[in-house]
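Follow the strands and helices of this chain in the view below.

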Amino acid sequence: MIYFDSDYTAGAHPEVLDALCATNNLHTVGYGCDSYTESAKNLIRQACGTEDARVFLLVGGTQTNATVIDGILARHEGVLAAESGHIAVHESGAIEACGHKVLTLPHHQGKVKAEDVKLFIDEFYRDETFEHMVAPGMLYISFPTEYGTVYTLKELEQLSEVCHNADIPLYIDGARLAYGLAAEGGDVTLQDIARLADVFYIGGTKVGALFGEAVVVTNPKLLNHFTPLIKQHGALMAKGRLLGVQFEALFKGNLYFEIGKKAVAQALKIKEAFTSRGYTSIVDSTTNQQFFLLPNSLIDHLRSNHISFENWGVRGAEQTTVRFVTGWATTQSDIDALIALL
């Protein structure tokens, strides 16, 4: 079976797994108070160009979003997000379960526009009954989006400006950050993300780690006393070294960025293979997620020949939107086999 279902169906990148195995028999203190975790945090600060940033390692993406958002918002506040955003669609109400409403905005191929954010905030406070409504307390975006699209530097700067003018934090979900940074034609760097976001996270689970996400807090006013909140949300590992070892391996050299670059290049080969044969790409994704509207006959043909991928929504009567995703474990032979079947 060849898997294009997601970028976390395989285990850890061999270099990450080697680092885990090499340190397996060592004894260190728990909860991330070890030298490997401290080294990983320093490497992340260096990569971000933010020596004063606070870095926290959490176990997974949903826990990270729920913990960060709960930590930022007051009890009466909600989080602004695209109606297609991960927290609004595919996190099983995790944010609402923490007592905060997701306030949805129109999306444009997965992205939100600065003018829509500003309009929402302006209209909210023009309503004389706003004290009886859930207030917009922060903006959530992901880079890349659920559709594999990426914001331009100008778009991020506009969003950051709107948020800061309204005195609400900008939070960037970076579960697939390496693929967004490697996007074809992209002009955003990790340093740009660190400069423009108040809080963001660097995804490990989908980029070569067994598990783990690194939260980077650049706004010193936010998320003080964050560790107790991480523990309350079940996102603090007793064996915290396991997170530190993995992120140290990802950031000691360029492995994190190399994984992103390789997977994006492979995904674009898949995109070219489908579109050159007349199949419809439903969104112009420049990252490792590609979405196509395919005849059900082709979908069944591919699956019967051991190609695994996801339906993106409900199967249609004659054609269905599907998603193909590449990751560190995708090989050239996987790509060749798929193209041969086309």
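Helix α7 (residues 153-165) lies across β5 (135-142) and β6 (170-173), and its direction is about 165° to that of β5. Helices (H or I, at least four residues) and strands (E, at least two) are DSSP runs, numbered from the N terminus. Axes are lines fitted to C-alpha atoms, for helices over the stretch in contact, and angles run from 0 to 180 degrees between N-to-C directions. Contact means heavy atoms within 4.5 Å. The model is predicted: local features need pLDDT of at least 70, side-chain atom pairs count only at pLDDT 80 or more, and totals for chains, interfaces and linings use all residues. Residues are numbered from 1 along each chain as its sequence is written, and side-chain values use heavy atoms, with hydrogens and water left out.

Helix α11 (residues 241-251) also packs on the sheet, where it touches β2, β7 (199-203) and β8 (213-217). The direction of α11 makes about 115° with that of β2.

In which order do the 7 strands of the open sheet with mixed pairing stand? The order is β2-β8-β7-β6-β5-β3-β4. Two strands pair if DSSP finds at least two bridges between them. The edge strands, β2 (54-58) and β4 (102-105), each pair on one side only. From one strand to the next, the twist averages 25°. Strand β3 (residues 77-82) runs parallel to β4, and 4 bridges join the two. Across this pair, Leu-80 stands opposite Leu-103 in β4.

Now turn to another sheet. Here 4 strands form an open sheet with antiparallel pairing, in the order β9-β10-β13-β12. At its edges stand β9 (280-281) and β12 (310-311); each has a single partner strand, so one side of each is left without a neighbour in the sheet.

The partner of β9 is strand β10 (residues 289-295), and the two pair in the antiparallel sense over 2 bridges. Thr-280 has Leu-293 in β10 as its bridge partner. Helix α12 (residues 255-275) packs on this sheet and touches β9, β10 and β13 (319-325), with its direction at about 20° to that of β10. Helix α13 (residues 296-304) packs on the sheet as well, touching β10, β12 and β13, and its direction makes about 115° with that of β10.

Strand β10 is also joined to β13, by 7 bridges, and the two run antiparallel. Pro-295 has Gln-319 in β13 as its bridge partner. Strand β10 is mostly covered, with 5 of its 7 residues buried (buried means under 20% relative accessible area, exposed over 50%, partly exposed in between, with a 1.4 Å probe and protein chains only).
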